[in-house]
Amino acid sequence: MSAQFMQYLLTGLTVGAIYALVALGFSIIFNASHVINFAQGEFVMIGGMATVSLTGSGLPYMLAIPLAIVAAALVGLALEKFAVEPARGASVVTLIIITIGASIFLRGLAMVVWDKRLHALKPFTGDTPIAIAGAAILPQSLWVLGVTLAIVLALSWFFGRTLLGKAMLATSHNRLAAQLVGINVRMVLFLSFGLSAALGAVAGILIAPITLTSYDVGVMLGLKGFAAAILGGLGSGIGAVIGGLALGIAETMSAGYLSSAYKDAIAFVIILAVLFFMPSGLFGKRGGERV
Amino acid sequence: MLARLASPRTGGMLALAAVIALLPLVLSNKYFYDIAVLVGLNAIVCIGLNLLIGYAGQISLGHAGFFGLGAYGSAILASRYGWPPLAAMLATTFAVAALAFVVGRPILRLKGHYLAMATLGLGVIIFMVITTEDKFTGGPDGIAVVPFRIGGFVVQGERIWYWVVGALLLVAVWLALNLIESPAGRALRALHSSEIGAEVVGINAANHKVMVFVISAVFASVAGSLAAHYSGFVTPGKVTFLHSIELVTMVVFGGMASTFGAVVGAAVLTTLPQLLAVFEDYEMMVFGAVMMGTMIFLPRGVVPSLARLLQTRRQRASADGEEEGA
Amino acid sequence: MKSTQVRNSLKRGLAAVAATFALFTGPAVAQEPIKIGAFLAVTGPAASLGDPEQKTLELYVGKINAAGGVLGRKLQLISYDAAGDAEKARTFAKRLIEQDKVDVIVGGTSTGETMAVIPLVEAAQIPFISLAGAVVIVEPVKKWVFKTPHTDRMACEKIFIDMQSRKFSKIALISGPGGFDKSMRAECLKLNKKYGIDVIADETYGGGDTDMTAQLTKIKNTAGVQAVLNPGFGQGPAIVTKNYGQLGITIPLYQSHGVASKEFIKLAGAAAEGVRLPGAALLVADSLPASDPQRSVAVAYKNEYESHFKSDISTFGGHAYDGLMIAVEAIKKAGGTDKAKVRDAIESTRRFIGVDGTYTMSPTDHMGLDLSAFRMLEVKGGNWTLVK
């Protein structure tokens, strides 16, 4: 029983860590621009697929992974430059539709550049399962958890200690005030897309050895990441992480103890219930509405 | 009289009626009729959704769920239990309205992206129930649906359906336009610009939001019922969250807060994939690029942006004319 | 003022629509090629099925034309991507029938797409060869509808016979949300009693799910399970197989014909070792005995496809090959494209050797394969081998 519980917990944490990384990407862009970037899932796909194709052409992981992350970040920057920036001043819903268009475009591009098949990535350090308290997990799960932890720490250092990070944070709190104290708000917006694309790519690379990757893998992961970001509270870093982990654990626990057919539905019911009592998610800002 | 004709309400209605009446001149076979019927059904959903998004300012990423409930409700009652299709449709519509009413109040307390999430979640839950309860719904492979009949008259074939859907589309537009012009509609628009401001002047925001939510769900449900009978087959493909997003895209693409915009959005985005089929592998890329490009260059949606463009041009033209005259 | 604008813009829009439609309504050409229509799930969740089908049709239509066509006429392939969506499939089928005026339709990757199209082809009276699995497509028999793949019922039977021979009587099911999975699960649940097999655990997972260890842990902890069966295709079964290895489950795992390709072994890795499934002879073409009637057909298709596309064959491409060839044979036999004659010719297909097996159709059997078309395969040393 407890071994079973441990298995569900560890699996939930691994899946949840990926949701958390995607959710962080949503939050970073939301903070800078108040846009929900529905193309976030595509960065996850680009990370995984680019790594597959680079390693396929003979590059070692040490080179392929950084290159794939850079490629995704460049796509993120291009998205901001050519799609979000020109639409400045458009309503939030219009911007959402632009990012949806971008996600369809990127999926179509991936389909043409790469292919429509599923691909497996070699695990970073073998695939001999590790036993922890009766549960069996893959070494790759430890990579997922470890890298996610490292990223969370790095981000909190970045936003708490560096000038650029503080500038980005300031912009999210009050754009006009940030501009007045000399922060280049447009640059912040630009960089936030690059950063969040890079995060998505990392998630895509970490998870590919466990779950395979393909041109349309971003659809579901993007959706789950969005759900996690909302559950945690939009714009909150800690919220994104907790939201992601909670969603992952909720899914595996419902699959294990309740009904595997309805596990996603149960996860969404939980989210709806949380929103019912906490309309801004677990850690969201409860601001008054401007009149 | 002339002034009435020229009002956007009557004038627009007449124009739409003329389009529906004249379109068959270029619809040379059943395939074109089929596309036209699909446009009409999507347009009905979008008109309802536009009341919610465009006028009340509340987003929904779950309307495919209501469309699906309408389709499956009709399919199950009429095909499995042998109900008369009209009764099945009415009962389904009523049930969907009740559901929307019950879930509407707690959900619509949420704002912006949280509301988007909650409606998305609602849509996903409906989708999962439909795909899982295969004893009733036939699961992912779907079920066949009997033709729509009223008394002894069977509605069958693309051409008859074209006129039925065309007439219903006009009714939907008429209902929407009347609602917008009514006091309730003005209250809605007040809500859109500022909810607190609206409450201050005595508008019960929650009631109005729920009302519009129910109306939009009913539009979607009726279109779903009709679509099921028209296709003669229903699968969960049209209940996915991707379809919900597609519907919102149609509304925003055509132009928020414009009933005719919703119709144009539905028409363009329903026919586009058919036209783009020639691009084969590049179809998705082109489709995405068209969506992005349109929203970047016409951020208010096709109809309002073009109307504005025309207006400024005409003003400039008439200004030029006056100068010449003088 | 404003209404004239609306009216004008609407009028302009109408003209544009009319113009685009006119583009598609070209005049008829006197010397028409034989038109083969197809609607396939080239993108979407079933893309791993639809893609090889599309490639196979393109490849072989090109080859047939290079060899002079059929009855002196060229073949023309008109193919649309229905993306696994029944509604899209229905519209594209209408387009093939009404607009493109095709002579025969080969397509329908999934059962949902196929079933949505059946009323149309029946009404239009056009021969239709489906590439989807479920038994409902040809049972009851529909006059104009045929199919080439083995049915999911046959897959269940083949697997249960193998389980019986290994003396398994208590098994677990784990399946996904797709039509293929659900339909095969339902067929298996109808048949298990006949083979003395009890299903004592029945788990499912969602579309795009990234981990199935929770479901498998539950199965692992269910007392008495002797084997696990996982109907499905694509990502799901590969992850199930990987998780199976991860959890160190040692009882035999059965997959369906949905993952009958080399790709599955690549995706699932070492965990695929020992997995059994019912598959077409195509997968083990090279190791078939020379006396096997299917050997030459299967080897030829495999070599042709793999050398042309530089990727491994899958059974799905094989379904499309058989569908196209049966249609071409029927057109030859009918001496033209008269739809009723072609239909009759398809129905009278006798001992046609395809890559999926030997087809013998009849007025009561519009698929024409029997259980002998399935071979029980097992992964050994990273390759498919025949179970003796």
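Helices and strands are taken here as DSSP runs, a helix having at least four residues and a strand at least two, and they are numbered from the N terminus. The legends below describe a predicted model.

**Figure 1. Chain A, followed along its sequence.** Read in that direction, chain A shows the pattern α-α-α-α-β-β-α-α-α-α-α-α-α, which comes to 11 helices and 2 strands. The C-alpha trace of chain A spans about 55 × 50 × 35 Å along its principal axes. A compact globule with 291 residues would have a radius of gyration near 19 Å, and chain A, at 19 Å, therefore agrees with that expectation. Of the 291 residues in chain A, 59% are buried, and when contacts with a separation of 6 or more are considered, 75% of them join residues 24 or more positions apart.

**Figure 2. Helix α5 of chain A and the elements around its buried residues.** Helix α5 covers residues 139-161 of chain A, and its 23 residues should span 33 Å at 1.5 Å a residue; the end C-alpha atoms lie 32 Å apart, which agrees. The buried residues of this helix are A:Gln140, A:Ser141, A:Trp143, A:Val144, A:Thr148 and A:Ile151. These buried residues pack against three elements of chain A, namely α1 (2-33), β2 (135-137) and α8 (185-211).

**Figure 3. The largest nonpolar core and the surroundings of A:Ala72.** The largest nonpolar core holds 338 residues, and among these A:Ile18 and A:Ala72 touch the most other members. Helix α3 (residues 30-55) of chain B supplies the largest share of this core, with 19 residues. In chain C, both domain 1 (34-150 + 298-373) and domain 2 (153-279) give residues to the core, so the core lies between these domains. Apart from its neighbours within four places in sequence, A:Ala72 is in contact with A:Phe43, A:Ile46, A:Gly47 and A:Ala50, and also with A:Ala197, A:Ala198, A:Gly200 and A:Ala201.

**Figure 4. Chain B as a whole.** Chain B has 15 helices and 4 strands. Its radius of gyration is 21 Å, close to the 20 Å that the globule rule gives for 326 residues, so chain B is as compact as a globular protein of that length. Taken along the principal axes, the C-alpha atoms of chain B fill a box of roughly 75 × 55 × 45 Å. Buried residues account for 56% of the 326 residues of chain B, while 77% of its contacts with a separation of 6 or more are between residues 24 or more positions apart.

**Figure 5. The contact between chain B and chain A.** Chain B brings 35 residues to this contact, and chain A brings 39 residues. On the side of chain B that touches chain A, the elements giving two or more residues are α6 (112-132), α10 (195-200), α12 (241-254) and α14 (283-297) of chain B. The residues on that side of chain B divide into 25 nonpolar, 7 polar and 3 charged.

**Figure 6. The two domains of chain C and the contact between them.** Chain C is divided into domain 1 (34-150 + 298-373) and domain 2 (153-279), and the centres of these domains, taken over C-alpha atoms, are separated by 28 Å. In the contact between them, 14 residues of domain 1 meet 19 residues of domain 2. The elements giving two or more residues to the domain 1 side of this contact are α2 (47-66) and α4 (111-124) of chain C, and the residues of that side divide into 5 nonpolar, 8 polar and 1 charged.

Note on methods
Residues numbered from 1 in each chain as written. Chains lettered and ligands numbered in written order. Predicted model: local features only at pLDDT ≥ 70, side-chain atom pairs only at ≥ 80, totals over all residues. Contact = placed C-beta atoms within 7 Å. Nonpolar A, V, L, I, M, F, W, Y, C, P; charged D, E, K, R; others polar. Core = buried A, V, L, I, M, F, W, Y, C linked by C-beta atoms within 7 Å. Buried ≥ 20, exposed ≤ 12 C-beta atoms within 10 Å, placed from the backbone. Domains from an automatic or database assignment. Rg over C-alpha atoms; globule rule 2.2 N^0.38 Å. Expected span 1.5 Å × (residues − 1).
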